[in-house]
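Please open the model in the viewer and keep the selection panel at hand.

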Amino acid sequence: MRFIDVTKLKVTAGKGGDGVVAFRRELYVAKGGPSGGDGGRGGNIIFIGDSGMNTLLDLCKNKEITAEDGKNGAPKNMHGRKGTNTYVKVPLGTIIRDNKTQNILGDIIKDKQEIIIAVGGLGGLGNARFASAINRVPKICEKGMPGQHFEIICELKLLANAGLVGLPNAGKSTLLGAISASTPTVADYPFATLNPHLGVVKVDKNNNFVMADLPGLIAGASLGKGLGLQFLRHIERCQVLVHMIDISDKTQDHFLNYQLIMSELESYNKDLTKKPHLIVANKIDLPDAETNLEKLKEQIKLPIIAISAMKHISLDILIKDIAKDVEKEQLHQVNNDANNEEHILYEYINKEEVPQVFITKIASNQWTISGKTVELIYQKNPLNNYHNILLFKIKLQDLGIYDELRKQGIKKGDHVKIFNYDMIWEE
């Protein structure tokens with residue numbers, strides 16, 4: 001299976017159903033009143049966390065996600081049915097961004113966590129809603145509003161307690177296979193691991209942690225070389241880093257290799273170097289390994305755990321040390337949860353927007369009115385009868401558009417165009 005960690009797609013929530021104009025028509029009921037029902041609200045698009053998934057591959061198969069439109073209202077005050085929500089399953093660790101603004105719309109970190117990404121449009125009101133003492137026979141209704149529509153980017157950052165970092169062929173895949181039930185690819189060539197692998201490591205009867213085997217780093221990875229950014233984004237959510245070094249190769253400068261990895265981590269994100277990390281010297285069972293280890297200890301001056309992933313030497317010591325650091329980091333994150341950006345739950349908030357109205361004089365006697373606010377009014381009010389046209393003009397007046405036209409010098413007989421609707425200024 002291909003591992004997909006970034007994908008782009010379009011989401012469109014359902015349109016609200018239209019309200020209708022209707023009147024009671026029953027035997028023995030003289031002059032029945034208005035009975036037009038409201039339209040139903042459009043369906044939402046909701047992303048939901050699924051702990052059983054580990055790739056965004058399913059999203060790549062469907063580049064456009066839509067929700068059902070709300071149903072139209074009906075006579076006898078029958079309201080339209082709400083549109084069905086569309087649920088999109090994504091793996092834990094998925095961040096959803098608006099491609100245009102790059103704002104974070106959602107951050108899925110828990111199983112079955114739900115976040116509304118696109119909100120369905122409101123249903124239009126039927127004429128029964130407009131009845132009043134002054135207008136007992138309203139012939140006014142509203143159209144349903146369109147649902148939210150935009151392009152999003154889904155980015156997966158693996159959620160693992162510990163992440164294995166190091167140069168290609170350091171033995172990361174062999175270690176993960178030795179201490180967990182995972183079966184990553186093991187081969188003697190660079191980038192044997194092309195896709196991240198996760199494995200559950202058992203510490204004791206009541207304790208375990210998740211470890212990620214991530215593709216090897218090379219110089220320039222933070223600039224996108226090699227597997228570059230595809231690798232580095234997954235390190236961000238690991239609580240503990242396990243830095244593996246192949247200590248057996250006497251032709252390598254192991255201290256320089258260690259500095260190289262740390263430099264790439266810092267170039268990508270300075271916070272990565274602040275994470276707890278263990279230095280592990282692998283392949284200690286091979287010739288020259290002991291000599292190389294002693295030299296590296298003098299240069300790094302940090303504790304180093306010597307192991308052999310192939311021969312299972314000192315793996316129990318390594319597991320306990322990783323588990324200890326993971327436990328400390330989890331406790332630290334709980335105590336500082338309020339300041340931990342990764343645990344912010346992003347939820348859709350329908351904020352009132354500043355009215356957007358643009359008045360443009362395109363000729364000596366011609367004007368155009370546009371803007372998002374005017375467009376929404378135009379969409380909501382079908383200009384198919386005198387009553388709706390009157391309501392439309394009242395809403396424009398309430399926005400202050402008429403006063404602004406007067407300030408700009410509009411004269412009697414001038415033409416005012418609003419989308420496909422032409423008006424003539426008469427005062």
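Begin with the largest nonpolar core, which has 44 residues; a nonpolar core is a set of buried Ala, Val, Leu, Ile, Met, Phe, Trp, Tyr and Cys residues joined through side-chain atoms within 4.5 Å. Inside this core, F47 and I152 have the most contacts. Select I152 next: leaving aside residues up to four places away in sequence, its contacts (heavy atoms within 4.5 Å) include F47, L9, V11, I96, L105 and I117. T7, K8, R97 and N99 are also among the residues that I152 touches. Another core, of 23 residues, lies apart from the largest one and includes V242, M244, L318 and I319.

A note on the model is in order here. It is predicted, so local features need pLDDT of at least 70 and side-chain atom pairs count only at pLDDT 80 or more, whereas totals for chains, interfaces and linings use all residues. Residues are numbered from 1 along each chain as its sequence is written, and side-chain values use heavy atoms, with hydrogens and water left out.

Now select S173 and T193, which the UniProt annotation "binding site", from an unreviewed entry, covers; UniProt positions follow the numbering used here, feature names are shortened, and annotations may be inferred rather than shown by experiment. S173 is found in helix 2, residues 172-179 (helices are DSSP runs of H or I with at least four residues, strands are runs of E with at least two, and both are numbered from the N terminus). Is S173 buried or exposed? S173 is buried, with a relative accessible area of 9% (buried means under 20%, exposed over 50%, partly exposed in between, with a 1.4 Å probe and protein chains only).

Turn to the cysteines. How many disulfides does a search of the whole structure find? The search finds zero, a disulfide being a pair of cysteine sulfur atoms within 2.5 Å. Select C60: the closest cysteine sulfur, in C154, is 9.3 Å from its own, too far for a bond. C60 is partly exposed at 23% relative accessible area, while C238 is buried at 1%.

Finally, select the open sheet of four strands, ordered 15-16-17-18 with mixed pairing (two strands pair if DSSP finds at least two bridges between them). Strand 15 (358-363) and strand 18 (421-424) each have a single partner strand, so one side of each is left without a neighbour in the sheet. Strand 17 (residues 415-418) pairs with strand 18 in the antiparallel sense over four bridges, and I424 in strand 18 is the bridge partner of H415.
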